[in-house]
Amino acid sequence: MAGYESPEAAYFAFLATFNARDAAGWAGVNHWPHARISAAADSAAHWRPPTRIFIDADEYLAAPLWDDLEATGWARSESDPPTIVQSSDVKAHIAGGWTRYDVDGNAMAANRVVYVATRTDDGWGLQAQLKTDSFVAGRDYSAAESYVLQAVESTLELLGAREVDAYAEALAYPFTLIGPPGVVIQIASAPETATAMRSVGDDQLDVPSGSVRVVNCGDSGANVTFQVERDGVTQDALALVGRRGGVWRMLAISGI
């Protein structure tokens, strides 16, 4: 298990070990199970498969690594400055990303990501990557952000109204929940979501007005923070949103 002194240290180690072609070190940045969720329906341009949950380092490293990426002309990647947008003593949402460069120093691709860092007794590591996988540097995403906000707010209104079936149908599947350290749950269908929600009882849920904020955005994906009040207790959360069939839907949620 990873044991970094801070969420930011784990964040920077993710690409430092990758640029060093250090497979064991790269996998060692993670906590397990580890989720890699992509907002893009097809993220071939971003090299690795879009949505997977890895049980351990062996499974994480089983997919092809540097040879395939170097064949595209890649030489190194640089991390964007990290911003912790939500945090607790054991969990942090880090807004960041990377830019990929070729041997001549030319930018090849960029991405915007929220990394979910968790802390165990050993220290901090990365539990999940919530990836827009559709970001183009310099592009104006204000229109997309407006649509994302509308979609998330309307979905959360269903949650607040306890319209369980409608809320479950508004999500995209497979849907991923990033829970406390070491907990990653993938849900296959709307009926499964509705059943799980009903099993926790009828606690009053409210979504404070104005709490929804876009953290980062691409052509077909965005990360969005929001708050939920359960019987007067406020919880911070973040959702990865993707465009599926022309509709913006939440693909994953991580609560603090």
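Is glutamate 78 buried, partly exposed or exposed? Glutamate 78 counts as partly exposed, at 36% relative accessibility. The value comes from a predicted model. The side chain has a charged partner. Glutamate 78 forms a salt bridge with arginine 76, and the closest N and O atoms are 2.4 Å apart. Arginine 76 also counts as partly exposed, at 32% relative accessibility.

The search of the whole structure returned seven salt bridges. Among them is the pair of arginine 21 and glutamate 70, with the closest N and O atoms 3.0 Å apart. Arginine 21 lies in the loop between helix H1 (7-19) and helix H2 (23-27), whereas glutamate 70 belongs to helix H4 (residues 66-70). The pair therefore ties together parts that are 49 residues apart in sequence. Arginine 21 is partly exposed, with a relative accessible area of 33%. Glutamate 70 is partly exposed too, and its relative accessible area is 33%.

Another salt bridge joins the side chains of arginine 139 and aspartate 219, at 2.6 Å from N to O. This pair links distant parts of the chain, 80 residues apart. Arginine 139 sits in the loop between strand E7 (123-131) and helix H5 (142-160). Aspartate 219 sits in the loop between strand E11 (213-217) and E12. Arginine 139 counts as partly exposed, at 44% relative accessibility. For aspartate 219 the relative accessibility is 27%, and this residue also counts as partly exposed.

The overall dimensions were examined next. The protein has 256 residues and a radius of gyration of 18 Å. A compact globule with that number of residues would have a radius near 18 Å, so the value agrees. Along the principal axes, the C-alpha atoms fill a box of roughly 55 × 40 × 30 Å. Buried residues make up 49% of the 256 residues. The protein exposes about 11100 Å², and carbon and sulfur atoms supply 50% of this area. Among contacts with a separation of 6 or more, 57% are between residues 24 or more positions apart.

The secondary structure comes to seven helices and 14 strands. Strands E12 (residues 221-230) and E13 (residues 233-244) run antiparallel and are joined by 10 bridges. Within this pairing, glutamine 227 stands opposite aspartate 236 in E13. E12 and E13 form a hairpin with two residues between the strands. In this hairpin, aspartate 231 takes a positive phi near 50°.

E13 also pairs with strand E14 (residues 247-255). These strands run antiparallel, and eight bridges join them. The bridge partner of valine 241 is methionine 250 in E14. E13 and E14 form a hairpin as well, with two residues between them. Glycine 245, in the turn, has a positive phi of about 60°.

The surface carries a nonpolar patch of about 200 Å². Leu177, Val183 and Ile185 make this patch. Isoleucine 185 is found in strand E9 (residues 184-187). Its relative accessible area is 41%, and isoleucine 185 is partly exposed.

How values were computed. Residues are numbered from 1 along each chain as its sequence is written. This is a predicted model: local features need pLDDT of at least 70, side-chain atom pairs count only at pLDDT 80 or more; totals for chains, interfaces and linings use all residues. Side-chain values use heavy atoms; hydrogens and water are left out. Patches are made of residues with over 30% relative accessible area and no salt bridge: like charges are joined within 9 Å, nonpolar side chains (Val, Leu, Ile, Met, Phe, Trp, Tyr) within 5 Å. Accessible areas come from the Shrake-Rupley method with a 1.4 Å probe; for residues, only the protein chains shown count as cover. A salt bridge is a side-chain nitrogen of Lys or Arg within 4 Å of a carboxyl oxygen of Asp or Glu. Helices (H or I, at least four residues) and strands (E, at least two) are DSSP runs, numbered from the N terminus. Buried means under 20% relative accessible area, exposed over 50%, partly exposed in between (1.4 Å probe, protein chains only). The radius of gyration is taken over C-alpha atoms; the globule rule is 2.2 Å times the number of residues to the power 0.38. Contact means heavy atoms within 4.5 Å. Two strands pair if DSSP finds at least two bridges between them.
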